[in-house]
Amino acid sequence: MKERLEKDMKENKIIVHKNILNINNLIREFSTKILEIIEFKNFIIIRIEYNSQISDNIFCISYENEIIWNISEIIKREQEAYTGVDKISENIIEVSLFIGINYKIDVMERKILKKEIVK
């Protein structure tokens with residue numbers, strides 16, 4: 001049990017260089033620049049730059065650098081540009097769309113808790 005506890009306690013090393021995400025020496029390359037990273041206990045949420053090819057620009061990634069989900073799997077909207085992501089609690093984030101809509105999302109349940117028009 002002690003060994004397991006120490007494993008959980010170890011610090012994950014995250015390095016970002018432009019569009020390269022390095023988690024514990026596991027490399028993942030994205031097609032655009034990484035803009036935001038939010039750390040959680042078992043995963044991170046990242047937001048990459050959006051362009052005409054990329055609109056689903058928020059990802060949940062494990063510390064093994066595997067993609068757990070993409071925002072379009074939760075918010076079923078086509079061709080939306082997400083302009084921000086904030087950590088509300090250990091399992092809730094808020095994402096902002098360019099068009100002025102915010103969503104509160106439970107990252108564990110992968111569901112929308114609240115939709116709000118802010119413009």
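**Exercise 1.** Determine which residue lies over the face of F40, and at what distance from the ring centre.

*Solution.* K87 lies over the face of F40, 4.5 Å from the ring centre. A charge sits over a ring if NZ of Lys or CZ of Arg is within 6 Å of the ring centre and within 35 degrees of the ring normal. The model is predicted: local features need pLDDT of at least 70, side-chain atom pairs count only at pLDDT 80 or more, and totals for chains, interfaces and linings use all residues. Residues are numbered from 1 along each chain as its sequence is written, and side-chain values use heavy atoms, with hydrogens and water left out.

**Exercise 2.** Classify the aromatic pairs of the structure.

*Solution.* Step 1: rings of Phe, Tyr and Trp (its six-membered ring) pair if their centres lie within 6.5 Å; planes under 30 degrees apart count as stacked, over 60 as edge-to-face and the rest as tilted.

Step 2: the structure holds two such pairs. The ring centres of F30 and F59 are 5.4 Å apart with planes at 50°, so this pair is tilted.

Step 3: F40 and F43 form a stacked pair, with 4.9 Å centre to centre and 20° between the planes.

Step 4: F40 and F43 are both buried, and both F30 and F59 are buried (under 20% relative accessible area; exposed is over 50%, partly exposed in between; 1.4 Å probe, protein chains only).

**Exercise 3.** State whether E94 is buried or exposed.

*Solution.* The relative accessibility of E94 is 14%, so E94 counts as buried.
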